[in-house]
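This briefing is intended for a reader who is meeting the structure for the first time. Please keep the sequence and the model in view while reading.

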Amino acid sequence: MSLPTVTRRDFLKVGAAGASALAAAGLGFDVALAESTKVKQQLRIAGAKELHSVCPYCAVGCSLVAYTRQKSDGSVQLLQIEGDPDSPVNEGRLCPKGATAMQLAVSPRRVESPQYRAPGATGWKSVSWDFVLDKIAQNVKSSRDATFVTTDGNGNTVNRTEGIAFAGGAAFSSEEGYFATKLMRSLGLVHLEQQARV
Amino acid sequence: MTNHWRDIKNADLILINGANPAEAHPVGFQWFMRAKLDRGAKIIHADPRFTRTSAVADMYLRIRTGSDVAYFGGLINHVLQNNLFHDEYVRNYTNASFLVKDGYAFTDGLFSGYSASARSYNIASWSYDTDPATTFANRDMTLQNPRSVFQLMKAHYARYTPEMVSSITGIPVADFNKVADMVGQMGKPDKVMTIVYAVGLTHHTTGGQLIRSGAVLQLLLGNMGRPGGGMNAERGHANIQGNTDHAISWEILPGYLKIPAPGQKTIADYVAQSAPKKSDKNSWNFFGTNYSKFMVSTLKAWYGDAAKKDNEFAFNFVPKPAGNASWMTIYDQALKGKMEGLMLSGMTAASIGPDSNQVRQALAKLKWLVIMDALPTTSSEFWHAPGVDASQVQTEVFMLPATHWIEKEGSFVNSGRWSQWKDQVLPPQGQARHDHWILADLFQRVKTLYKTQGGKFPDPIMSLTFDYKDPLKPDLDEIAKEINGKDLSTGKQMTTFANLKDDGTTTTGDWIYTGSYLDTGNLMKRRQGIQDPHTNDPTGMGFYPNWSWSWPLNRRVMYNRASADLNGKAWDAARPGITWNGSKWVGDVPDYPATMDPHDPNAYLPFIMNGEGVGRLFSNGMVDGPFPEHYEPVESPVQNPLHPTNSASPVAFLYDKAAGRPDRFGTAKDFPYIATSYRLTEHEHYVTQHVPHLVQLQPKPFVEIPQELASEKGIKSGDQVRVSSKRGKVEVLALVTKRLGPMTVAGQKVYQIGIPIHWGYVGLSADSDPSHGRYWLANALTPFVGDANARTPEFKAFLVNLEKI
């Protein structure tokens, strides 16, 4: 016994050649339905830009094909995300999370602008990027200077910032992660962590 | 993973422990099914809960959570007692023949060198008997010397009889014996087994040793380094692998170089204390030999012209931690009032735990908290969570809208170490900014403050290289090139880490990624996949060498010299990793010098990354024992049947105790049930609480309760129940199930309860609930303790009580 080895790519090829009846029957699909789904999908992505991504959830690393179209107002619309049939990892397949990745990508629940909550305040305040970045920069400098240890009790040069921690990054591109490490270590941070342990 | 997802199809036997790939990694699971359906491989699933993975397994074993060292120990014992190990491999490719010096001992649950007051071991006695002239280890190739690793190991595991394994794990003896028979066959050279695991193994106070016990078994069976074999960790986030490699982790620098320690003044001091040391004349010790080159090249990448030979390449710019600075330590320090600020990106402290209620107290003790995320999290909202009086929380909180993965390019590295490049598909939504642009901008502002105001040791901040076209908006492409590194004398990209130097003429951001981005282009973008298997998978083994790029050096199976025998012939001709063709090694990218003749008496041993040159059955790289030993979880309903007086790990790190806070561990008297936590297919941690389709599929938090226990308590599916530990509670729906059931452990009947982790007070589910998810955080229950080696929390085994509300 073996799994069906017909990939989506092959399936579409066979369908396009008009000789799908046998192959498709073997898969248990309704041929007419498959055919009409194909036509509908083609209409939806006709003329769209085809780009490649990777699923943002677990670490199987399923490749995605994303289709976008530029609208008349210049904005870019995400039309569809599907499994990449060329990938030796997922061969076009996606799980429920990957298959709904569009709802993560474009969401009315996104935080649209920087938010600030002062000590003791009972609500958020929408603020500018300059406002938050200036304030955080001052906090970083002040906490760094207040908790920086140049030499430890044994007279060793240690040059470490004890009072600031950075954690995260499992959703970073690798290059962002590297960049974060480089910057945080240069600020003297020793408390540096991501999801590997938790 | 030592191997990779597609490679699992090459296995004859698949052991799955502490994982549920059919539900947590469903698309990766197709390769398990390929092995089963195409080559008749068997799947054995040991898990507290019968899952969809169990449903297609050939054997399902209901195992008590946290007892897998006993399970693997029993298998090790079976293989040793019945001479089922792979003889040639064990003699030549492991340290079985190495002699251990006098003084090493194991008595009543304690290894030699224990200090009860320090709760730690002095590991000096866990070392080899060496020849003073060469400093190399003495060996006995007959494996008969009573001080050989082989004989010590045999004695150590003799206690793990099937009856003892059954008593500890709850697995019936007959079932265990069946598994032992199947596993015992895998030591034959033409057979190969893979072990697949996930956080169900790591999230214990014995987490490190749980993994090691599997690795020891794989070495005995000769399955490390082979296609279809290995120890394969399924990682749970899209790029947890890449960001571990690049060292967002307190104890390492990029490429798993150790973080320097106080007292080290020079590169030479650092290397002497960090790098592996050669312990056999035929060991290459590649990592140890090149350690200084990797370190100096990274310092050159970071500090450019400021890193010079006469200042030890700016070695004093790198911070040297006083001690552990990992996840729980951050909150422990905050509770002590020593942590002022915390930046979180794509990671929510309040949910991810352990001990969420204590962590939320810690967040309230910070002066400032920065959240960089695309969506609100339980950390960004902790100060006005249900039941919290916001006016009393003095933490200043910043929520910075960050871009999603699809709004930026860059690579994601999967569990199999394949670094796959992605395009920027969409422009940022709203005012969202890329995380690295936020950090670049913030860093430049801090730098300006130091320039204008002065301050503590500004040198590393002033000298840090920022060779990007726009220093406020670096391209990820530019950073990818920097990570690969270059030859400063020619300006060309490095092609291999073998050419890195420690004289300041080469750079690398992360040596294990050298070779990923050449002058000819970015190899992580390669897309020659299954559209043409004949061309793109020339060996037919599923390596697909021109699909993306795999570290190190595009190697698809690590330690692959061990896939061939002493003469360089594949152990199984049908499944070669690399083979010697008379003049060079062919197949996968060799984990070995490409033209080193295996018949040369000076040929290197197969494992080039450690000092021994062979796999370590006995290791002094762990702080809780050179051989894995079963210890009970910190909260357990039974005493350890092996050594009741030393029941739990004697070196597990008890944060509250160490800090002088009250001990908050429950006992079976008040909290009689074992609980474990896990994921569901439809959610990933907490971010999917914002995805409507997924919330529709799994709308409400619940706990899984075994049918027999539910009957005793009068609980039906859909009832509201309270699950409480000594630290907190959840109030959620009951799901009564046969997937869990009673077990007999150490002569006692015990129940296990299952708790999915995904809910909290933020998201679509919480928004639609009258309580707003007030008691939905699964990690409100979990203990604030860590594995002695990695300080990984014990999320997967703790005690609770259960009540119908």
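The points below take up the chains, their interface, and selected strands, helices and residues in turn.

The model is predicted. Chain A has 198 residues, of which 47% count as buried. Chain A is in contact with chain B through 113 of its residues, which meet 140 residues of chain B.

**Chain A**

- The secondary structure of chain A consists of seven helices and eight strands.
- Taking the contacts in chain A between residues at least 6 apart in sequence, 36% join residues at least 24 apart.

**The interface between the chains**

- The contact between the chains involves 140 residues of chain B and 113 residues of chain A. Helix α17 of chain B (residues 435-453) gives the largest share of chain B's side, ten residues.
- By residue type, the side of chain B that touches chain A comprises 72 nonpolar, 45 polar and 23 charged residues.

- Strand β8 of chain B spans residues 193-197, and five of its five residues are buried.
- Both faces of β8(B) are covered, with B:Met193, B:Ile195 and B:Tyr197 on one side and B:Thr194 and B:Val196 on the other.
- β8(B) pairs in the parallel sense with strand β1 of chain B (residues 13-17) over five bridges, and B:Asn17 stands opposite B:Tyr197.
- β8(B) also pairs in the parallel sense with strand β9 of chain B (residues 231-233), over three bridges. Here B:Tyr197 stands opposite B:Ala233.

**Packing of two helices in chain B**

- Helix α4 (residues 68-81) and helix α10 (residues 207-220) of chain B pack with their axes 9 Å apart, at an angle of about 20°. Because angles under 35 degrees count as roughly parallel, α4(B) is roughly parallel to α10(B).
- The two helices, α4(B) and α10(B), form a left-handed crossing. The residues in contact include B:Phe72 and B:Ile76 of α4(B) and B:Leu210 and B:Leu217 of α10(B).
- The residues of this contact between α4(B) and α10(B) comprise nine nonpolar, four polar and one charged.

**A buried loop residue**

- B:Thr403 lies in the loop between β14 and β15 of chain B. B:Thr403 counts as buried because 24 C-beta neighbours lie inside 10 Å.
- Although B:Thr403 and B:Pro428 are 25 residues apart in sequence, their C-alpha atoms are 5.8 Å apart in space.
- Leaving aside residues up to four places away in sequence, B:Thr403 touches several residues, among them B:Ala374, B:Lys408 and B:His434.

**Backbone features**

- Most residues other than glycine have a negative phi, and most peptide bonds are trans.
- The peptide bond joining B:Gly353 and B:Pro354 is cis, with omega about 5°; B:Pro354 is found in the loop between α15 and α16 of chain B.
- A cis peptide bond also leads from B:Trp551 to B:Pro552, with omega near -10°. B:Pro552 is placed in the loop between β19 and β20 of chain B.
- B:Asn83, in the loop between α4 and α5 of chain B, has a positive phi of about 50°. B:Asn83 is exposed, since 9 other C-beta atoms lie within 10 Å.
- B:Arg417, in the loop between β15 and β16 of chain B, has a positive phi near 70°. B:Arg417 counts as buried, with 24 C-beta neighbours inside 10 Å.

Notes
Residues are numbered from 1 along each chain as its sequence is written. Chains are lettered from A and ligands numbered from 1 in the order in which they are written. This is a predicted model: local features need pLDDT of at least 70, side-chain atom pairs count only at pLDDT 80 or more; totals for chains, interfaces and linings use all residues. Helices (H or I, at least four residues) and strands (E, at least two) are DSSP runs, numbered from the N terminus. A residue is buried if 20 or more other C-beta atoms lie within 10 Å of its own, exposed if 12 or fewer, and partly exposed in between; C-beta atoms are placed from the backbone. Two residues are in contact if their C-beta atoms, placed from the backbone, lie within 7 Å. Ala, Val, Leu, Ile, Met, Phe, Trp, Tyr, Cys and Pro count as nonpolar, Asp, Glu, Lys and Arg as charged, and the others, Gly among them, as polar. Two strands pair if DSSP finds at least two bridges between them. Axes are lines fitted to C-alpha atoms, for helices over the stretch in contact, and angles run from 0 to 180 degrees between N-to-C directions. Angles under 35 degrees count as roughly parallel, over 145 as roughly antiparallel, 65 to 115 as roughly perpendicular and the rest as oblique. A crossing is left-handed if the near helix is turned anticlockwise from the far one by less than a right angle, and right-handed if clockwise.
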